[in-house]
Amino acid sequence: MNRSVLTVVAGCAVLAMAAWLLAMGLTGGPEDYVERYAGQSVTARDEASAVPVKPSAPGPSSSPSSPESGQAAAPAPASEPPPRSAIPDNEFGELVRQGERIFADTGRFAGDWVGNDLSCQNCHFDAGRYDKTASLRSAWPMYPAYRSKNQHVNDFAERLQGCFTYSMNGKAPPRDGQVIQALQAYSFWLAKGMPTGEAPDVRGYPDVGDPPEPPSFARGETVFQENCALCHGEDGQGRKATGGGTGFPPLWGPRSYNWGAGMHRINTAAAFIKAAMPLGKPDLTDQQAWDVALFINSHERPQDPRFTGSVQDTAERFHQHQGQYGKTVNGQVLGEHSPPSGTVP
Amino acid sequence: MARWLVILGLCLLFPTAFAQQSPGGAPAAAGSCVACHGPEGQGSGAYPHLVGLGEAYIRRQLDAFASGERANAIMKPIASGLSESQRQAVAVYFSGLSPVPADAAAGAPPDGPGRTLALHGRWQQDLPACVQCHGPGGQGIGEDFPPLAGQPAAYLEDQLKAWRAGNRPAGPQGLMGHIAERLDEDDLKAVAAYFAALPAAGEAGDD
């Protein structure tokens, strides 16, 4: 009798040890986690996504945690995208690299489809790797998806085409062409280890709190001049690098995102700014983020590509959200004096 | 040291001359700079080049040398010897020079942690890539973000150390202080070596 109890206890211990070792392998283990994040600021969000599997300490008294002990736990989402050094040296890897180049310097590597001075990574940092700025690995597993913006189910290729039409103020590259294929390969590769069809913790921009006061253009202007103008210019038109290369992106005007881009929404811009701006030192309050988001998005920018011929009609059909299109700011109706959209070379 | 005493002496002996403008546009005050920074501001040895730096940036540095906020035994007496208008004239002069063609022999920087930091940053620590503010190839952006390409490695390393130690003002919005504190010794050596190996302003590499 005693002997069979001992056997059961020992068997449980072996199973627990095996489960623990399995979990270590899947998560990289606590040592790996500590090494990677030692001394770095890790938000609760990062932590949650980094170590969702918390193995219990193995011991003689522990037993498999669930009654369905034969079933392995769901694998944890990858804590970070694979390193650049892991891109394979083959044709697929070359397409992935091409995707990263396009994402990082869009005008240079996909210039035929770009109508402004922006690159994808202006809003999705570190070539789409940074989880606080709508990383590619968090987007890839969520498509195909229904989008109210165009009222049908979009696959990832069509979603990317939308970025070119709106955020890049350009034209949609063909879905079977090199640009979309490369960007898809790159996104797919970054999303290694992410569960398909489950909204990851790191999706989109982190939520920004509601502003204590309604956003104010005047306060936003002050925030802008004190925190943003150094890089984006007092006139918001960005700065060219020495020699004419990509410098800091314009935030409004003819070379910025158009009135159909997601970033023209005050809530989207506020969330991005709160999470990521000023670059490397995001320390604005919620109120400041909302104020400056309103200020930036209260300036003219290229026309909405869905323009029907009337600002009022376009606003009614496509702008039932937190945006300034069609509203009067400083005596001018925004959208009435928009530069043209889709100004590809 | 003797050279610095000579330069200091020149500054003290001929203060009025510094405000004068030569027909070519170089203020006489710039004369005290060229011994180390080169006649075209191209730098020499361990002395950084000035060409490609923005007017506001140069002026801010001269003021900081003079006040001691930017601690530098060589530059303090020189900057202190210049009047406000002389500092401004020097800043205008050097910021207006055309970049000198790069040394064709300059090698491409090696792959490694310096290159990674320079081109990609380290976003797990909210650390942006150097080139996001200093421009592609480290060529600089506008008045406030100086070129790094081709500056002496020791100079770049010293600046990062100075920010960490509080011996140099962290610049507009305190940006560089915030960045330098997230770099360790290996990081700053690697990133300084990377930019030092790049061709200087006006000769962007194809990176």
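# A predicted two-chain model, in questions

Reader: What pLDDT does chain B average?
Author: This is a predicted model in which local features need pLDDT of at least 70, side-chain atom pairs count only at pLDDT 80 or more, and totals for chains, interfaces and linings use all residues. Residues are numbered from 1 along each chain as its sequence is written, and chains are lettered from A and ligands numbered from 1 in the order in which they are written. The pLDDT is the predictor's confidence in each residue, from 0 to 100. In chain B, 79% of the residues score at least 70, and the average is 82.

Reader: Over which residues of chain B is the pLDDT below 50?
Author: One such stretch still has 26 contacts in the model beyond near neighbours in sequence, a contact being two residues whose C-beta atoms, placed from the backbone, lie within 7 Å. That stretch is residues 1-23. Another, with 12 contacts beyond near neighbours, is residues 203-207.

Reader: How many helices are in chain B?
Author: Helices (H or I, at least four residues) and strands (E, at least two) are DSSP runs, numbered from the N terminus. Chain B has zero strands, and its helices number 10.

Reader: How many residues of domain 2 of chain B are in contact with domain 1?
Author: The bounds, which come from an automatic or database domain assignment, are 2-95 for domain 1 and 113-196 for domain 2. Domain 1 brings 13 residues to the contact, and domain 2 brings 15.

Reader: How many residues does each chain give to the contact between chain A and chain B?
Author: On the side of chain A that touches chain B, seven residues are nonpolar, seven polar and four charged. Here Ala, Val, Leu, Ile, Met, Phe, Trp, Tyr, Cys and Pro count as nonpolar, Asp, Glu, Lys and Arg as charged, and the others, Gly among them, as polar. The contact takes 18 residues from chain A and 26 residues from chain B.

Reader: What share of the residues in chain A is buried?
Author: A residue is buried if 20 or more other C-beta atoms lie within 10 Å of its own, exposed if 12 or fewer, and partly exposed in between, with C-beta atoms placed from the backbone. Chain A has 345 residues, and the buried share is 43%.

Reader: Why is α12(A) largely enclosed by the rest of the structure?
Author: Among its buried residues are Ala270(A), Phe272(A) and Ile273(A). The cover over the buried residues of α12(A) includes α6 and α13 of chain A. The helix is largely enclosed because the buried residues number 10 of the 11.

Reader: Which residues have the most contacts inside the largest nonpolar core?
Author: A nonpolar core is a set of buried Ala, Val, Leu, Ile, Met, Phe, Trp, Tyr and Cys residues joined through C-beta atoms within 7 Å. The largest has 69 residues, and those with the most contacts inside it are Tyr186(A), Ala270(A), Phe272(A), Ile273(A) and Ala293(A). Elements giving two or more residues to this core include α9, α12 and α13 of chain A.

Reader: Is Pro195(A) buried or partly exposed?
Author: Pro195(A) lies in the loop between α9 (178-190) and α10 (217-227) of chain A. Leaving aside neighbours within four places in sequence, Pro195(A) is in contact with Pro77(A) and Pro141(A). With 14 other C-beta atoms within 10 Å, Pro195(A) is partly exposed.
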